[in-house]
Amino acid sequence: MASHRRPKQPGRARVTVLTATAAAAVALTSQAAHADPKASKAEVKEKVDKYYEEAEQATEKYNGAKEKQDKLDQQVTDLQDKVARGQEEINKLRNGLGSLATAQYRSGAVDPSLQLLLSSDPDGYLDKASTLNQVSAKQASTLKQISEKQRVLKQERQEATGKLKDLAETRKVLGEQKEAVQEKLAAAKEQLNTLTAAERAEVMGEKEKADGGKGGDGARAGRDTSRPDLGKDVPTSGRAAAALAAAQGKIGSPYVWGATGPGSFDCSGLTGWAYAQAGVTLPRVSQDQANAGTRIYDQSQLKPGDLVLFYGDLHHIGLYAGNGMTLHAPKPGANVRYESMGNMPFQFGVRIG
């Protein structure tokens, strides 16, 4: 006989769980319906370009702090060496006077002036000029040498202490700039990871034409390792020619922030390295390289090998290659290459004398 018992009702706890699950499903469905669509390739490129520009700004600040740190390191080392040598000289002079005092003591006639010297500092002794007639001319000369060397030693120690303080502050700034660079690069990488491999290559400029997409096939080489039409201009000097030739030999080398070659470069690292091959030493950062020669504001007056500066704060630099093209280390993730100067806000050129 069939059972007519009423079906068992679900417990209160089970009803609560089912209700919460249903509510969550509705909420997720609603969120999905109103979720922001995936950023377009153009939007990603805009963000990536911004992050890379900020990373390069931080890189040049890092380079400046690194250069200052290196100089301070050397200055501190030199000062510490001078202090050590100065102290050694003072010790020798004191030992000489001590030997004389010992000899006098053994003879039962210790000079009062030497007693004073050995029981206090030489400066205090020399202040008591009335006692100078109690020492020999040689002793007086030695005491004066000690006093002068102590004065210099004190100055050098104070200077070293100041340099060490500057060094500590510079190292702190260096760490902050390094962190800033890494933060921007990580943000750019996160954006790039939302794209396909082909889209990433296009965003990084590997598929774009040198004229920003306006030219024909003849301009295509400006974004890769091929040589575009650079015109017939010639460098103004052998040094400029040698620097440009050196940079051309590094086409395809990767951009690495803080790098100065020979295997990888950042923007000012490339220009500095290229001119070093021509026997010219340039400052480390782009803003300082901007003051290394004669400025040329008319782009039509540029000659191959001239430095070319971009952006209002001059955080990017390259070498003019001719026909409106620059040869530069463009940005993280890209290699040394030719590029149309019209792709960046040109400020002025610098001709190295």
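Me: What makes two strands a pair here, and how many bridges join S1 to strand S6?
Reply: Two strands pair if DSSP finds at least two bridges between them. Strands are DSSP runs of E with at least two residues, and helices are runs of H or I with at least four, both numbered from the N terminus. Three bridges join S1 to S6 (residues 346–351), so the two count as paired; they run antiparallel. Arg 295 stands opposite Val 350 in S6. The model is predicted: local features need pLDDT of at least 70, side-chain atom pairs count only at pLDDT 80 or more, and totals for chains, interfaces and linings use all residues. Residues are numbered from 1 along each chain as its sequence is written, and side-chain values use heavy atoms, leaving out hydrogens and water.

Me: Why do strand S1 and strand S5 stand at the edges?
Reply: The open sheet has six strands in the order S1-S6-S2-S3-S4-S5, with antiparallel pairing. S1 (294–296) and S5 (337–340) each have a single partner strand, so one side of each lacks a neighbour in the sheet.

Me: Why is the pair of Tyr 62 and Trp 257 called edge-to-face?
Reply: Rings of Phe, Tyr and Trp (its six-membered ring) pair if their centres lie within 6.5 Å; planes under 30 degrees apart are stacked, over 60 edge-to-face, the rest tilted. Here the centres are 4.8 Å apart and the planes make 75°, so the pair is edge-to-face. Tyr 62 is in helix H2 (residues 41–106), and Trp 257 is in the loop between helix H7 (238–248) and helix H8 (267–277), 195 residues apart.

Me: Why does Tyr 62 count as buried?
Reply: Buried means under 20% relative accessible area, exposed over 50%, and partly exposed in between (1.4 Å probe, protein chains only). Tyr 62 has 14% relative accessibility, so it counts as buried.
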